[in-house]
Amino acid sequence: MKHFIENIFLSFRFDMKTMGVIFFVPVVMFAFSLSIIVLAPGIVDDRYNNIVVIQGLFIPFSCWWILYRLSEMYEEGAQETLVPYYSKRFPVDFFRYFFLHVIGLAVLCSILIIKYDASILTGINVLHFIILTLFYMLLGTSLIVLIKNVEISLTIIMIYTVLEVITQGDYMPWPHVFLFDPPINGPFLPIKLSVLGVAVIVLMVVTLIFIRRADKKPK
Amino acid sequence: MIQLSNINKQMKKHPILTDVSLNMEGIYGLIGPNGAGKTTLMKIISSLISLDSGGLTIYGEDYVKGKYVKQNKRIGYLPQDFMVYPNISAEEALDHIAMLKGVMDKRERRDTVNQVINEVNLQGHQNKKMIELSGGMRKRVGIAQLLIGKPSILVFDEPTAGLDIEERIRFRNLLKNLGANHTIIISSHIVEDIEFLSTKVGVLKKGKVLFEGTPAELKAQAAGYVWEYDATVEELDEIMNHKEVVQITEEETKISVRVFSNHEEKEAKSVPPRLIDGYLAVVKGEDE
């Protein structure tokens with residue numbers, strides 16, 4: 001156990017060395033989300049916007065670290081060497097980044113509850129945050145193992161997120177994964193969570209199948 | 001020993017490998033022209049790409065599972081252009097790869113990394129960033145990372161490609177040393193490297209096996225096909241224009257011109273073939 005914890009710590013230090021300054025982008029987005037929640041006026045009518053900030057600003061960046069970690073496989077001359085190692089190591093890397101984001105979520109949710117009251121968040125919201133985090137992480141891993149290009153993968157994720165958040169899910173005719181209104185019990189909510197759950201499973205399967213494949217050259 | 005039996009591979013409905021059967025042992029050299037399927041075969045052996053059909057056994061144990069050779073610790077593969085983590089030092093890269101390979105104890109990892117650095121003569125360069133290393137040194141890091149997992153079979157794709165003459169000679173000597181306690185498979189189109197290193201040779205062309213045997217047996221394929229002219233400078237042009245010249249050696253009073261020909265050259269003397277002649281005989285025999 002001691003070796004495992006030590007290696008997790010070393011892995012984060014290694015990430016910082018190899019990624020450089022871009023390692024801190026999710027940290028900056030966390031700080032940005034936190035400052036919006038803390039500094040925004042506590043108007044009762046607008047308070048659900050804080051939850052939209054978590055969904056649209058903090059959670060989408062949960063794909064960042066794992067996406068950059070896997071992108072190392074597709075750099076010139078690295079694919080044949082790193083694919084076998086990274087495909088075996090994937091669960092450990094995935095869960096260490098997921099764990100960090102869950103901590104970030106816990107901090108943001110605690111601040112929300114302190115600022116307003118416990119009624120601002122329901123169990124559905126918390127469950128939705130966690131599944132949405134998994135969705136974004138796996139969307140990132142699926143795109144990188146399929147496209148093998150970090151810039152294109154990130155661009156797709158950012159365009160999708162901006163479209164969804166700005167239009168609040170009214171524009172594109174695909175299933176929407178965000179909750180822009182307080183969750184109300186009814187047929188709509190289980191459908192949304194089911195869609196998200198199915199998407200997570202499909203993306204996980206895609207990732208696990210394609211992460212082992214070194215057949216194709218990076219684009 | 002690695003036994004390949006009837007390996008087939010197609011890409012976009014184009015046959016890349018057709019019924020490839022080989023028995024690989026010792027330091028095994030795989031030669032063939034560009035597009036022969038050498039790299040594809042290497043990657044199949046190293047479980048990096050799938051095969052359509054065929055079998056692979058290592059010392060009699062079946063290693064094919066579904067459409068892939070099973071991922072295993074016995075085989076280590078070094079690609080032609082090895083490069084990982086350009087912005088960190090070679091030692092840090094090796095330490096991280098050791099961790100990825102499951103060496104979890106920090107002290108054990110440090111000892112392992114030091115040991116492989118010594119094995120590939122990388123001392124004095126381990127603190128340089130990967131991007132600052134020369135091609136030869138980078139390949140040494142590539143071998144070092146393979147040795148961390150203690151594989152018994154090392155697969156090298158065009159190991160001396162892109163190296164300068166000195167680096168190439170040093171690298172060849174390193175491979176020769178590794179061959180003392182590993183089975184080594186080398187693909188190359190530089191016949192001289194194969195001649196220096198290999199104890200057994202396979203020739204591939206257009207995805208088919210044309211020859212397999214010892215270097216002496218490959219040389220023997222060209223017996224009676226290699227001729228040597230003693231020429232003057234004026235005669236050299238004439239020979240170059242009409243014969244297939246494989247080597248020219250300038251001496252004090254004459255120029256020795258080695259010619260590959262499948263019919264008797266009356267003005268030349270027959271000479272013993274070298275490996276490159278055997279290779280040419282096999283490859284050209286297929287063309288005819």
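The model is predicted. Helix α2 covers residues 90-100 of chain B and helix α3 covers residues 106-119 of chain B. They pack at an angle of about 125 degrees. Their axes lie 10 Å apart. The crossing of α2(B) and α3(B) is right-handed.

Which residues make the contact? α2(B) supplies E91(B), L94(B), D95(B), A98(B) and M99(B). α3(B) supplies R109(B), T112(B), V113(B) and V116(B). By class, five residues of this contact are nonpolar, one is polar and three are charged.

## The open sheet

Chain B has an open sheet of six strands. The order is β8-β9-β10-β3-β11-β12, with mixed pairing. Strands β8 (75-78) and β12 (208-213) of chain B form the edges, each pairing on one side only. Neighbouring strands are turned by 15 degrees against each other on average, direction ignored.

Strand β8(B) pairs with β9(B) in the parallel sense, over four bridges. Here Y77(B) stands opposite V155(B) in β9(B). Y77(B) and I75(B) point one way from β8(B). G76(B) and L78(B) point the other way. Are these residues of β8(B) buried or exposed? All are buried.

Strand β9 (residues 153-157) of chain B also runs parallel to strand β10 (residues 183-188) of chain B. Five bridges join β9 and β10 of chain B. Across this pairing, F156(B) stands opposite I186(B) in β10(B).

Notes:
Residues numbered from 1 in each chain as written. Chains lettered and ligands numbered in written order. Predicted model: local features only at pLDDT ≥ 70, side-chain atom pairs only at ≥ 80, totals over all residues. Pairing = 2+ DSSP bridges. Helix = DSSP H or I, 4+ residues; strand = E, 2+ residues; numbered from the N terminus. Axes fitted to C-alpha atoms, helices over the stretch in contact; angles between N-to-C directions. Buried ≥ 20, exposed ≤ 12 C-beta atoms within 10 Å, placed from the backbone. Left-handed = near helix turned anticlockwise from the far one by under 90°. Contact = placed C-beta atoms within 7 Å. Nonpolar A, V, L, I, M, F, W, Y, C, P; charged D, E, K, R; others polar.
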